[in-house]
Amino acid sequence: IQTLTLDCLVQQQPVAFLKIDVEGNDLKAIGSAHQAYSARLVRNVLVEFGPPQRWAEVARQTAEDGVRLMQTMEGYGFTTWLAPSQCSQMANAQLHTHLSTAHGVRVARISPHQFRALVELMRRTSLECYMWWSLDSVG
């Protein structure tokens, strides 16, 4: 199967919103846009994220790889948000997240110290979450 990195697809063009759903290859896909993120060409990334068991099956990646990716995205200046899903309902209760409204949707801010707990919750429940990384002000 031929693949392209997101850096190749973006090719220095601004992207307001990038949606990724690649069934277990999410860590690799998200991580393939280093140049675009560094140049701040991508403003928002929404991804079906996890669960870690799928990362292991499909891409031989671990829960720790998921935590590192979340830290990397924050390092590019993105803020990490949890979009509504079955996973977010559990996470909001267990992680005591800060809820905001963005474009009429209730989203939860996931702080860097909550990354590991969120990935562990996904591992325990086998649920995927919808992660939204944004350079824009939300809430």
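Student: Which residue is the bridge partner of alanine 83 in S6?

Tutor: Tyrosine 130 is the S6 residue that bridges to alanine 83. Keep in mind that we're looking at a predicted model.

Student: Which strand does S3 meet through two bridges, and in which sense, parallel or antiparallel?

Tutor: That's S5, and the two run antiparallel. Look for leucine 82, which stands opposite alanine 108 of S5.

Student: How should I think about the side chains along a strand?

Tutor: The general idea is that side chains in a regular strand alternate between the two faces of the sheet. For S3, burial is the next thing to check: four of its five residues are buried, so the strand is largely enclosed by the rest of the structure.

Student: And S5, how does it pair with S4?

Tutor: Again antiparallel, with five bridges between S4 (residues 98-102) and S5 (residues 105-109). One of the pairs is histidine 98 with arginine 109. For a hairpin, look at the turn as well: here two residues sit between the strands, and histidine 103 has a positive phi near 55°.

Student: Where else does a residue other than glycine take a positive phi?

Tutor: Arginine 60 is a case, with phi near 55°. Once you've spotted such a value, ask where the residue sits. Arginine 60 is in the loop between H4 and H5 (63-75), and it counts as exposed because its relative accessibility is 78%, over the 50% cut-off. Histidine 96 is another non-glycine with a positive phi, about 55°. Its place is the loop that links H6 (86-95) to S4, and at 66% relative accessibility histidine 96 is exposed too.

Student: Is alanine 59 buried or exposed?

Tutor: Buried, because its relative accessibility is 7%, and the cut-off is under 20%. Alanine 59 belongs to helix H4 (residues 52-59). Glutamate 23 is 36 residues away from alanine 59 in sequence, yet their C-alpha atoms are 9.8 Å apart.

Student: What about the peptide bonds, which residues does a cis bond join?

Tutor: Check omega, which is about -5° for the cis bond between glycine 50 and proline 51. Proline 51 lies in the loop that runs from S2 (44-49) to H4.

Student: Now zoom out. How many helices and strands does the protein have?

Tutor: Seven helices and six strands. Walking along the sequence, you get α-β-α-α-β-α-α-β-α-β-β-α-β. The radius of gyration is 14 Å, close to the 14 Å the globule rule gives for 139 residues, so the protein is as compact as a globular protein of that length.

Definitions and conventions. Residues are numbered from 1 along each chain as its sequence is written. This is a predicted model: local features need pLDDT of at least 70, side-chain atom pairs count only at pLDDT 80 or more; totals for chains, interfaces and linings use all residues. Side-chain values use heavy atoms; hydrogens and water are left out. The radius of gyration is taken over C-alpha atoms; the globule rule is 2.2 Å times the number of residues to the power 0.38. Two strands pair if DSSP finds at least two bridges between them. Buried means under 20% relative accessible area, exposed over 50%, partly exposed in between (1.4 Å probe, protein chains only).
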